[in-house]
Amino acid sequence: MNPLTWAALAGAIGLEVAGTTMLQMSQQFTRPWPTLGMGVCYLIAFYLLSIALKQIPVGLAYAIWSGLGVVMIAAIGAVLFKQKLDLPAIAGLAMIVSGVLVINLFSKSVSH
């Protein structure tokens, strides 16, 4: 598979996480700059996801996108916004990461 496909998916995930972070910072769309940044990040993220979908099946791309996005947002929430993660939340996040690893390392649906 073309390395640019994976770069597009990684960029899509990073921009979706940045957009979601700015969504929190927008304070329910009352702050214009974070709101604008959120919109731009989401727009580019979905464009990059569409590029990745040319070679990665949608179900697998979305599993990777959403799984890594959830984990990254939880980490950002804990660090930037001082949101607490209890043991069950951490265990659940670890299972999400494990699932993404299983898909990428063992699934024959993803061409490596």
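Predicted model: local features only at pLDDT ≥ 70, side-chain atom pairs only at ≥ 80, totals over all residues.
Residues are numbered from 1 along each chain as its sequence is written, and side-chain values use heavy atoms, with hydrogens and water left out.

The C-alpha trace of the chain spans about 45 × 35 × 20 Å along its principal axes. Of the 112 residues in the chain, 29% are buried, buried meaning under 20% relative accessible area, exposed over 50% and partly exposed in between (1.4 Å probe, protein chains only). Among contacts in the chain with a separation of 6 or more, 68% are accounted for by residues 24 or more positions apart, a contact being defined by heavy atoms within 4.5 Å.

Helix α3 has 23 residues, which at 1.5 Å a residue should span 33 Å, and the distance of 31 Å between its end C-alpha atoms agrees with this value; the expected span is 1.5 Å times one less than the number of residues. Within α3, L60, A61, I64, W65, G67, G69, A74 and G77 are buried, and the buried residues of this helix pack against α1, α2 and α4.

Helices α3 (residues 58-80) and α4 (residues 87-106) pack at an angle of about 150°, with their axes 9 Å apart. This angle makes α3 roughly antiparallel to α4, given that angles under 35 degrees count as roughly parallel, over 145 as roughly antiparallel, 65 to 115 as roughly perpendicular and the rest as oblique. Axes are lines fitted to C-alpha atoms, for helices over the stretch in contact, and angles run from 0 to 180 degrees between N-to-C directions. The crossing of α3 and α4 is left-handed, a term that applies if the near helix is turned anticlockwise from the far one by less than a right angle, right-handed applying if clockwise. On the α3 side, L60, A63, I64, G67, L68, V70, V71 and A74 meet L93, I96, V97, V100, I103 and N104 of α4. By class, this contact has 12 nonpolar, two polar and no charged residues, with Ala, Val, Leu, Ile, Met, Phe, Trp, Tyr, Cys and Pro counted as nonpolar, Asp, Glu, Lys and Arg as charged, and the others, Gly among them, as polar.

The axes of α1 and α3 come within 9 Å and cross at roughly 40°, which makes α1 oblique to α3, and α1 passes α3 in a right-handed crossing. Here W6, L9, A12, I13, E16, V17, T20 and T21 of α1 meet A61, I64, W65, L68, G69, M72, I73, I76 and L80 of α3, a contact with 13 nonpolar, three polar and one charged residues.

Q27, in the loop between α1 (3-25) and α2 (32-52), has a positive phi of about 50° and, at 43% relative accessibility, counts as partly exposed. K82, which lies in the loop between α3 and α4, has a positive phi of about 55° and counts as exposed at 62% relative accessibility.

Terms used. Helix = DSSP H or I, 4+ residues; strand = E, 2+ residues; numbered from the N terminus.
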